[in-house]
Amino acid sequence: MSEEKLLEIKDLSVAFRKNQVTTPVFSGLSFDIYQGETVCLVGESGSGKSVTAKAIMRLLPTDSVSYPEGEIRFNGQDLLSHSEREMEQIRGDQIAMVFQDALSALNPVYTIGTQMVDLIRLHAKEKLSRRQALAQAKKLLAQVDIRHADEVVKQYPFQLSGGMRQRVMIAMALSSRPRLLIADEPTTALDVTVQSNILKLIRQLKEQFGMTILFITHDLGVVYEMADRVLVLRQGELVESGTRDEIFTRPRHTYTKQLLNSMPRIYFQEQTELP
Amino acid sequence: MEQALLEVSHLSKIYKRKGGPDFSAVKEVSFSLSKGEALGIVGESGSGKTTVAKMVAGMLPVTSGSIMLDGQPVESRRSKDTKRNIQYIFQDPVSSLNPRLKIKDILAEPLKLYFKLSGESLDNRIHKLLDDVGIPKSYQDRYPKELSGGQCQRIGIARALAAEPSIMVCDEPTSALDMTIQSQILELLQELQRSRGISYIFIAHGLEVIYTISNRVLVMKQGEVVETGATTQVFHSPQHAYTQTLIQSIPKIELPYFEY
């Protein structure tokens, strides 16, 4: 982990507008993400986790969402002052996102190969033929441990299992070597065994490419496995932030304590200490 | 030995497929459930957990095998009393309630059907049920959409309780809920287990939840039971290779236990 800030969020306010009534989702949200670290954003539904992620990507609907105050600085540039065209250069290229529901994030009527080739050609620095892009797609699939990439590129999303679809999503997110990967509940819909493989994969890729990760989850077990630092969000307010060990051993805010107490736990530690 | 409340033996579910081999969703599953016991069923998606639960609850016809309730065989056409005795709690708390009915009417249905309650005794019973699950009486005139997910699940539990069952089959009852709400619902279910001796068949993919609530665990894989035993035994010294993988996959918080 370096001292260089990759993402700085300063006093950010996000407001939803409906029928001329403006409702603030949150105001005054500030946090930084340093180059190469994994930051977990935790909180319950409605706490603003996903809104934060989408605000960074500027994926919130422009006709009903406004950013009355604050800054989102990525790599020194203020994303909020970017035009839609400039954002397109950032999205997918420098910041990529993996969603919870891979099935609905993939296009159901195109094969995996077609979708990946289009994406790779769109972000390619020089012109690529479809054949070259397909070769790259297979290489990416191999990176996320898909062994029979030749078959997978010919398949449609519905033909793949949940874990495989999530791998494809991660492969697509990695296609442009993003500096920041935002993973919004990427394993919530998956079985534990599959979840454990995907988490391992994300950790490996992080080490391999020095990626910075913003990981959104409500599962504290996953947080403990993934996070360098943890941000606790409640009703649009950042109630506590700290290193993983600070949060898990010395939580200060009552809400963090409440969250930690409510998690069902399996006490492996106690058991192993028994004779 | 005390007679088991529920005795399931060699339960199988086979789906016929046109022009292809038949698909066995559940293969020869046997287990028993005593009064006041919570049996957790774990396994990955497609392992047949829900199929077993639905067959036990009578929501899915059985291909072969038998179910005995209180020593009596359960017929494929269930008696009203058998239906009353085994109640089901669904994963999606909101869509499992009729959106066109007020809360009091949702709760009135089983009370009228099974106990022929009406008038004041019906109202009193509804108030008592709401009280049991920690929902204010004033909510009885609301519609499900006016309640939060956790509140809807409490209503789902109250509706099951209305039938005064001996067994509640809970299929991922907390998966759609936030963690703090999940722990409240689990506490409510445990409290009902203690106070009324209700038995549970509990399905969850969250193994921590199963660990918290179950006395005994059934591990399923591809329609078969691969391991069964007391919860602590299965979690702390899993025997079958699949159970071991499952347990190893749980994201672990490697800290000794303490209350925060």
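The end C-alpha atoms of residues 9–247 of chain B sit 27 Å apart, and this span is 39% helix and 24% strand. Helices here are DSSP runs of H or I with at least four residues, strands are E runs of at least two, and both are numbered from the N terminus. The span is the one UniProt gives, in an unreviewed entry, for "domain: ABC transporter" in chain B. UniProt positions follow the numbering used here, feature names are shortened, and annotations may be inferred rather than shown by experiment. The model is a predicted one: local features need pLDDT of at least 70, side-chain atom pairs count only at pLDDT 80 or more, and totals for chains, interfaces and linings use all residues. Residues are numbered from 1 along each chain as its sequence is written, while chains are lettered from A and ligands numbered from 1 in the order in which they are written.

Chain A has its own record. UniProt, again in an unreviewed entry, lists residues 7–260 of chain A as "domain: ABC transporter". Over those residues the chain is 40% helix and 26% strand, with the end C-alpha atoms 27 Å apart.

Within chain A, six strands make an open sheet in the order β7-β8-β9-β3-β10-β11, with mixed pairing. Two strands count as paired if DSSP finds at least two bridges between them. At the edges are β7 (95–98) and β11 (237–243) of chain A, each pairing on one side only. From one strand to the next the twist averages 15°. Strands β3 (residues 38–42) and β10 (residues 229–234) of chain A run parallel and are joined by four bridges; A:Val42 stands opposite A:Val232 in β10(A).

Two helices lie across this part of chain A. Helix α7 (residues 162–174) of chain A covers β7 and β8 (180–184), running at about 175° to β7(A). Helix α11(A) lies across β10 and β11 of chain A, at about 100° to β10(A). Axes are lines fitted to C-alpha atoms, for helices over the stretch in contact, and angles run from 0 to 180 degrees between N-to-C directions.

Turning to the helices of chain B, α5 (residues 149–162) and α6 (residues 179–196) pack at about 15° with their axes 10 Å apart. The residues split into four nonpolar, three polar and no charged. Ala, Val, Leu, Ile, Met, Phe, Trp, Tyr, Cys and Pro count as nonpolar, Asp, Glu, Lys and Arg as charged, and the others, Gly among them, as polar.

Helix α4 (residues 119–132) of chain B also packs on α5(B), at about 130° and with the axes 9 Å apart. That makes α4(B) oblique to α5(B). B:Leu129, B:Leu130 and B:Asp132 of α4(B) touch B:Ala158, B:Leu161 and B:Ala162 of α5(B), giving five nonpolar, no polar and one charged residues.

Between the chains, 32 residues of chain A are in contact with 28 residues of chain B, where contact puts C-beta atoms, placed from the backbone, within 7 Å. Of the chain A side, α11(A) gives the largest share, six residues. By class, that side has 13 nonpolar, 12 polar and seven charged residues.

Conventions:
Angles under 35 degrees count as roughly parallel, over 145 as roughly antiparallel, 65 to 115 as roughly perpendicular and the rest as oblique.
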